[in-house]
Amino acid sequence: TLASAAVGDEEYRYGDWRSTAHGLQPAQVERRRKQAPVARWSDVRIAPAPDEVKALAMPQGFRPAPPPGPLRATPLGDGAYRIDGAASGYHGGFVVGARAVALFDAPVGVEEARLVRAIIEQAAPGRPIAYVVLSHHHGDHLAGLPAYAQARVIAGACAGTAIRRQFPSLASLRLREITAPLDLDLGGRTLRVLPLPSGHATTMVAAYAPRSQTLFQGDLFYL
């Protein structure tokens, strides 16, 4: 439960949490300004407004997503794959060429990344993971990076500072920051890396595999 929340000099303190038809809610709320009490409510009841209920109603025909299934590489055609079934729920992707593999993102930790690497090696035996393209510098998209220590890392401009801060032990990190589109030649297939403006992260890039017409993105937009 949430004990308090503050913005500037304003603070709200929550107590007497209770289970209700609308979930767990605080029955007592106290408002403070510069640590001094301003107001107190001792019988709080929270319920969605009628318009909100209508807006949040599931549309007719809605079906929940199916179970994720086992960790696997789902073929997308022409050497492109999506990682499905990860315990974290994240979907990385990779492209296989005649000489090498390029991976897009390394979520969300080293343990999961090692499992993903094993899946990639099954899909592309004998071909090294030559590149790891990072969509942006946020930890949940690159925390698995140590599992690919031999790969070249491609990231957006100025991402290096944030990446090295998160991985001080990766002294030999081979990082290339880009400010213009970059084509990675994997042998018979390419992956084009595109730096893009984004309000989510200043280091945002996406990657496009032209043979399969697949766009790989991480937090560039949401469905």
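**Figure 1. Strand β10 and its parallel partners in the predicted model.** Strand β9 (residues 129-133) pairs with β10 in the parallel sense over 3 bridges, where two strands count as paired if DSSP finds at least two bridges between them. Helices (H or I, at least four residues) and strands (E, at least two) are DSSP runs, numbered from the N terminus. Valine 132 has valine 153 of β10 as its bridge partner. Valine 153 also stands opposite leucine 175 in β11, and β10 and β11 pair in the parallel sense over 5 bridges. Strand β10 is mostly covered, with 4 of its 5 residues buried; buried denotes under 20% relative accessible area, exposed over 50%, and partly exposed in between (1.4 Å probe, protein chains only). The model is predicted: local features need pLDDT of at least 70, side-chain atom pairs count only at pLDDT 80 or more, and totals for chains, interfaces and linings use all residues. Residues are numbered from 1 along each chain as its sequence is written, and side-chain values use heavy atoms, with hydrogens and water left out.

Figure 2. Valine 133 is found in strand β9 and counts as buried, at 0% relative accessibility. Not counting residues up to four places away in sequence, valine 133 touches Leu103, Phe104, Asp105, Ile154, Leu184, Leu191, Val193 and Val205; contact means heavy atoms within 4.5 Å. The C-alpha atoms of valine 133 and alanine 106 are separated by 8.5 Å, although these residues are 27 apart along the chain.

Figure 3. Strands β5 and β6 (residues 80-84) pair in the antiparallel sense over 5 bridges, with alanine 73 opposite isoleucine 83 in β6. Axes are lines fitted to C-alpha atoms, for helices over the stretch in contact, and angles run from 0 to 180 degrees between N-to-C directions.

Figure 4. Helix α4 (residues 159-166) has the buried residues Ala159, Gly160, Ala162 and Ile163. Viewed down the axis of α4, these residues fall within an arc of 165°, so they line one face of the helix; the arc is that of the directions from the helix axis to the C-beta atoms. An α-helix has 3.6 residues a turn, so residues three or four places apart point the same way. Against the buried residues of α4 pack α3 (139-142), β10 (152-156) and β11 (174-178). Thr161 and Arg165 are exposed, on the face of α4 turned away from its buried side.

**Figure 5. The open sheet of 4 strands.** The strand order is β1-β2-β3-β4, with antiparallel pairing. Strands β1 (4-7) and β4 (36-41) stand at the edges with a single partner strand each, so one side of each is left without a neighbour in the sheet. From one strand to the next, the twist averages 25°. Strands β3 and β4 pair in the antiparallel sense over 5 bridges; arginine 32 has proline 37 of β4 as its bridge partner.

Figure 6. Glutamine 25 lies in strand β3 (residues 23-33) and is buried, with a relative accessible area of 9%. Its contacts, leaving aside neighbours within four places in sequence, are Asp16, Trp17, Arg18, Thr20, Arg45 and Ile46. Between the C-alpha atoms of glutamine 25 and glycine 15, which are 10 residues apart along the chain, the separation is 8.9 Å.
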